[in-house]
Amino acid sequence: MSLIIEVNKLCKCYKNIEAIKSVSLSIKPGEIYGLIGPDGSGKSSLMKVIAGVLSYKSGQLNVFGQRVDSEASAEIIKAKIGFMPQGLGLNLYPELSIDENINFFADLRDVPLAEREERKALLMTMMQLTDFRHRAMKNLSGGMKQKLGLICTLIHKPELVILDEPTTGVDPVSRRDFWQILSYMVRHEKMTALVSTSYMDEAERFHTLSLFYQGKILAQGEPDQILDSIQGWVALVHSQALFVCVQALSTQFTQVNIFGKAIRVVAYDISREDFEHQLKSILARCPKSHYQIESIDLEDAFIGLLRPKNKDQTVKPALDATKPNSIFDTNTLMIEAQNLTRQFGTFTAVDQVSFSVQSGQIFGLLGANGAGKSTVIKMLTGLLKPSKGKGQVSGADLNSSGQKIKENIGYMSQSFSLYADLTVVENLKLYGQIYAVPKKKLAKRIQWALQMGTLEQETHTLVGSLPMGLRQRLALGCALLHEPKVLFLDEPTSGIDPIGRQQFWTILVTLAKQSGVAILITTHYMSEAEHCDQLALMQAGKVIAQGSPTNLRQQVSDALGDVISMKVNQPYAALELLKKAHYDKAFLFGKRVHLFSSQVAQTQKKVLALLHQQAIEVLDVQHLPPTLEDVFVHFLESNKIQPTANLKPKESSSL
Amino acid sequence: MKWSRIKTISTKEWLEIWRDKLYLAMAFLIPVIMMVVLGFGMSMDVEKIPFVAIDYDKTEQSRDYLHNFSDSRYFDYQGMAANEKQAESMMDQNKIRFILIIPPGFQEKLQAGKKVQSQSLIDGLFTYQSKVVKGYVLAINANYNQQLLQNWFAKKQGMKPSDISAMLSPVSLETRYLYNEQMSSLWSTGSGMIMLVMLMAPALLTALGVVREKESGSIFNIYASTVTRTEFILGKLLPYIAISFLNLLVLTWMALVLFGVPFKGDPVLYLVASVLFVSCATGIGLFVSILVKTQASAALITLLGTMIPGMMFSGLLMPVSSMDTPAKIEAHLLPGMYELNIVWGSFLKGQGWSDLWGNMAILALYSMVLWGLAIWKFKKRVAS
Amino acid sequence: MRLWWLRVFALTQKELLQFSRDMILVVAVAWFFIGEVYVAGSGVKMELINAPVVIMDHDRSEASRDWASQLKAPYYKVLGYVNSQQEAYDLLDKGEVIAIFDIPADFEKRLLLGQKTSIQLELDASNIIIGNLANSYSSLMNAEFNQKWMLKTMKIVDAETIQAPMVELRQKIYYNPEGKATWFMPISEMMTVITLLALFLPAAMIVREKERGTIEQLTVAPLTPFQILFPKILAVEIIILLGVAVSVLGVVGAVFQVPFRGSLILFFFVTMVYIYAVSGLGLFIASVSRNLGQALMVSFMVLMPMMLLSGAWTPKEAMPEFQQYLVVLSPLSYYIDMGYSIILKGATIQLIWWPLLQLFALGSILFWLGLIQFNRQLK
């Protein structure tokens, strides 16, 4: 079997910046190959190079056996490739309807009319877009844009599809749909797929993957192989005296993080016995604590791989950066929403949303783009008046004192709202002055913010040239200069590498637990939701589920059972077999098949027998609790709300 | 080259323009607004100049002299001022442009056969207008003197008026205005503006159109497909050429109807030349779009790059023949001059193929070079 | 209140810093105030300079040569003599000459006989400026010739001694006695540049914040919409006034030697009021544009009618009547009036207080409307 793609010691430079530093990889026919890594790690550049739309500096690239090293040679392979660039729907034409967009791509690719209509009908049915075919692309929801993008990429039956971050910013249901469709297409059309993502938890969807970081490949292989290559363990510690325990654990372990009510400890290059031994000796000092040990996940592996290079970067300071701000009363309601409703014309963007956040609590608001999260935040920050309902933020009423709210809160948005053409200190000073921090105090607060974000070395660097992780911490610093008691964070971690995210969360947890700041955060990363004390899932303007992560997971477990995860040698055949046997909730994850069952042991026996009959070899079986993604999908589906289009009027989406 | 792919790209482009209302408005409104603004705004007619008189004589003769000015269509008499101070303050406030002062003893001296001095004070703010006013004032005064002298010599020496006239002004200069018989400002600037507007608007539209695709990232659809560069550029530009050609027809209609410019030449030639010029202007926009990455810089460069040369070095304001050598060379290097030759040739001069083929050939060559350059420079596999 | 101003100053400082870091914009603004004004002043001269002409002399006499000898630099450049009408018209059609002087065969004979004769001037009037000036200068030249000839026939050496009634008109041109085009155009261009920038810069500052999402952070901060906008206007005032200073003192003053007759401070003050007036329109532009490119285009679309209604190129009295009524709507018309008056006429505040007040009122209306529009968009 010849290789579809061969990359050998490839380097790519933009002016003086090295984007790809000697990368090698090879992709076999029929594979779903993943590139995982944070923003700016070189994934996009590599994908463009392979698609033949970007030149490179040195190294070799063969696609379909064709050496690609010039514009002319790149043209030869383009007919067989479908390429979807990064950015949800950015390559589509907003003014054109679904139908017109597809037609354009088909005609561009010389697909004959009859074939075009046939294939269009097939793909639209598969993606459930047929009913919306005459709607302009700009009025579609994120999930629909993603599906349309996929149709446009697949319309000419490419042998290789290159999809750059197709799942970023899409709700979990659409993401799950997407993976199902992709694996179906790969199997039925003998396609090969190269897909990138910044979500570590999607790693299991790939047959083979490469972990990218700063233009280099940290590790490559099958997901299980990568995990096996790193020896490491995770301990989830529960204790009554959380902080004493954290302090004690930190003396021995570098990675100690608070996850809701638990402490997560990760250790590398150590045997399970030694780890357990060390843990026990420390926990002896902590009253009423217990623990459980698991193997690490890919995100831990990623951090583990980076660890030797980033020794000095490991975050410690956060815990002592903010001195415990006396004792705060955990019963103070800092954010309260009661039946908040907001209408734009006839469209209800937020429908009777109620929740409350106490001081010291981290509250996660989850939902797809357009689910109404931003509108809720806009109402809570005093930007929008609610149409109905009431609420308060640190004692100020939403309906009457918008300006007062603004003075009491810190806010950090998705885009980090920093001025890229100002330096670090200039940004801090600006926000300090806007929030009217007295001059003398401001100098101190700026020092504090620099320290918190480990930005002392960068005080006079232009923000535009800072890496994403530092920018994010600077933005947080800006939002905290005036010591707000309430903090709003709107998708603060998208595109940040795992280490950066972990550092960020350490700071957040410290703020909440030690200084009693009430934090409301929205995020796309399901794995991050685990950090939150409370979660609310939003869909189409409504809150469809609320509770702590454990609680929500328990609800799903009660309803559906746990997951049986089987690694098999013929995943497609296995899936087909299971579907035929009416295991409707069977999904494919790379070479694994996942199955929900309330009676795990019984089902497992049946299924294994079934597979054995068909000579499908089961290499490995695991039992997993439902993930938060499962939780999300479950609640969405049980609410039976169609992921309808984004009908919001224009005014609301601007600004 | 596949026609179907060109058609696909053109159709998509057209749909996008059609549905983006702001862009559509820009595409069709900018040329019309510019035409109206520049056509009417650059009026070089000097008429109805407001003026006041200061008559220190207040006699029949002085009133007679004043009438020569106030009856002229060039002047608009605003009444009498008491003294210079009052009149000058009016001029300071831009209420009048010219003051006529008639001294005391005006009638007395003239009737005694003596010379008398009157004075005119002209506002020099608008250089060109003040020069023309100066000329008008002198001409009216000279006419008046001619009458005075004729009457005087007829009375004193009994000469025949015609002999006196022959003695006083033996040579008369008879001016025939060619091409623009009525000396209408709208005829010349009004039609000339077609050149300026059609140089700027298509270039701008095209540059923005192509850069927009780069900025949004949808250009990668083209990069990643099997469409050739030529197909893409042709397909992309056809709608813009069509829009621009339509605009050109609208502007031509405006020149004919709104400004009342006559059309003396060959319509077929004019249309053919128009297509050439439009493709030339589009080519400029295309070329700019290949060099820049953002819409802002595309707009800025195209505006600066077409407006100044179009106005200064085309012959619109100053004939190429009276430019100094560097300016002349620049004028010959840019397409504006050739188009202006064609526009004025067709509208005002009534020239045909034999006179204008050279200009057309240069325009054709120009657009071929620009397009060729653009296609050559357009890369489907980029460096960043 | 002190706090209010502190916030405004902090934001103004930020705008200026950002502007100074955007090299492309700085270069563009510098080019507008220096290069653009210079090109306008030196490029187009609405004057007759070296206009190419040919002479069709059918007489070839001393008198005819005498007459033709008056056609000289700087106004005319005689390319030579042609013999046939066809040849002359060809030159005209091709645009190689702008005029033909046709001297009849019996020119000298008739003059000597004391009879009237005439010279035909065939003038290319497709360029009306040139047409007008050429006609005017030729007439003056012909008058001079007539006078010389008259004195010669009457054998009078000194014209002063003629005893006849005549009105001698003494002419004086105010403000720009030598009629230098380099005085008018650069000032006019500078005012156009001020207008374009006062429209575009505030719009650009807002659109850029919209594009990058930083506006979100400002709106959740304890700032009123006016407090967000006002610093941008302040920054634009400072940037433009700096540009004006360079332009007025450097280009207009030093290069073109235009005298500044009024008070510089008054001119800056008027300019400040004008920028405020125009920036209201800038807010509108910001609210309809999604990116900088569009903002620039829309600014241009707004600039055009403002120019039409301003008298930037031609005096108001030369406009069609309907236009003269609409002039009150263009802030530029007030500004141009006051600006010229201050620079060239030395006008003082007593003379211009009324239009200044009108401009302020008009500006306040525009600004208020712009603020409402901006507010509506924020929601």
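**Entry 1: Ser70 of chain A**

I began with Ser70(A), which sits in the loop between β5 (66-67) and α2 (71-78) of chain A. A reminder to myself before going further: this is a predicted model.

**Entry 2: Ala19 of chain A**

Next I turned to Ala19(A), which belongs to strand β2 (residues 17-27) of chain A. Ala19(A) has a relative accessible area of 13% and is therefore buried, the cut-off being under 20%. What does Ala19(A) touch, not counting residues up to four places away in sequence? I noted Lys12(A), Cys13(A), Tyr14(A), Ser41(A), Gly42(A), Ser45(A) and Gly215(A). For Gly42(A) I looked up the spacing too: 23 residues separate it from Ala19(A) in sequence, and the C-alpha to C-alpha distance is 5.3 Å.

**Entry 3: two positive phi values in chain A**

I then looked at backbone angles. Glu165(A) has a phi near 45°, which is positive although the residue is not glycine. I found Glu165(A) in the loop between β7 (160-163) and α6 of chain A. Its relative accessibility is 7%, so I wrote down Glu165(A) as buried.

His582(A) also went on the page, with a positive phi near 65° in a residue other than glycine. Its place is the loop between α20 (571-580) and β26 (586-589) of chain A. Is His582(A) buried or exposed? With a relative accessible area of 65%, His582(A) is exposed.

**Entry 4: helices α6 and α22 of chain A**

From the loop of Glu165(A), which runs between β7 and α6, I moved on to the helix itself. Helix α6 (residues 172-188) packs with helix α22 (residues 628-639), both in chain A, and their axes are 9 Å apart. The angle is about 100°, and because 65 to 115 degrees counts as roughly perpendicular, α6(A) and α22(A) are roughly perpendicular to each other.

Which residues make the contact? On the α6(A) side I listed Pro172(A), Val173(A), Arg175(A) and Arg176(A). On the α22(A) side I listed Glu629(A), Asp630(A), Phe632(A), Val633(A) and Leu636(A). By type, the residues of this contact are five nonpolar and four charged, with no polar ones.

**Entry 5: Lys12 of chain B**

Over to chain B, where Lys12(B) is part of helix α1 (residues 3-19). Is Lys12(B) buried or exposed? Its relative accessible area is 2%, so Lys12(B) is buried. The side chains of Lys12(B) and Glu213(B) are joined by a polar contact of 3.1 Å. Leaving aside neighbours within four places in sequence, I found Lys12(B) in contact with Glu213(B) and Lys236(B), and also with Tyr93(A), Leu96(A) and Phe104(A).

**Entry 6: helices α1 and α8 of chain B**

α1(B) packs with helix α8 (residues 185-216) of chain B at an angle of about 95°, with 12 Å between the axes. α1(B) and α8(B) are therefore roughly perpendicular to each other. In this contact Lys12(B), Glu13(B) and Glu16(B) of α1(B) meet Gly209(B), Arg212(B) and Glu213(B) of α8(B). I sorted the contact residues by type: five are charged, one is polar and none is nonpolar.

**Entry 7: Trp376 of chain B**

Trp376(B) lies in helix α15 (residues 353-377) of chain B. Trp376(B) counts as exposed, because its relative accessibility is 54% and the cut-off is over 50%. Gly265(B) is 111 residues away from Trp376(B) along the chain, and 37 Å separate their C-alpha atoms.

**Entry 8: domains**

Last, I noted the domain assignments.

- Chain A has domain 1 (5-226), domain 2 (231-295), domain 3 (333-517) and domain 4 (562-625). The C-alpha centres of its domains 2 and 4 are 33 Å apart.
- Chain B has domain 1 (3-42 + 184-377) and domain 2 (49-168). Their C-alpha centres are 49 Å apart.
- Chain C has domain 1 (2-44 + 180-378) and domain 2 (51-161). Here the C-alpha centres are separated by 49 Å.

Conventions: Residues are numbered from 1 along each chain as its sequence is written. Chains are lettered from A and ligands numbered from 1 in the order in which they are written. This is a predicted model: local features need pLDDT of at least 70, side-chain atom pairs count only at pLDDT 80 or more; totals for chains, interfaces and linings use all residues. Side-chain values use heavy atoms; hydrogens and water are left out. Axes are lines fitted to C-alpha atoms, for helices over the stretch in contact, and angles run from 0 to 180 degrees between N-to-C directions. Helices (H or I, at least four residues) and strands (E, at least two) are DSSP runs, numbered from the N terminus. Angles under 35 degrees count as roughly parallel, over 145 as roughly antiparallel, 65 to 115 as roughly perpendicular and the rest as oblique. Contact means heavy atoms within 4.5 Å. Ala, Val, Leu, Ile, Met, Phe, Trp, Tyr, Cys and Pro count as nonpolar, Asp, Glu, Lys and Arg as charged, and the others, Gly among them, as polar. Buried means under 20% relative accessible area, exposed over 50%, partly exposed in between (1.4 Å probe, protein chains only). A polar contact is a pair of N or O atoms within 3.5 Å; within protein, one must be able to donate a hydrogen and the other to accept it, and residues adjacent in sequence count only if both atoms are side-chain atoms. Domain bounds come from an automatic or database domain assignment.
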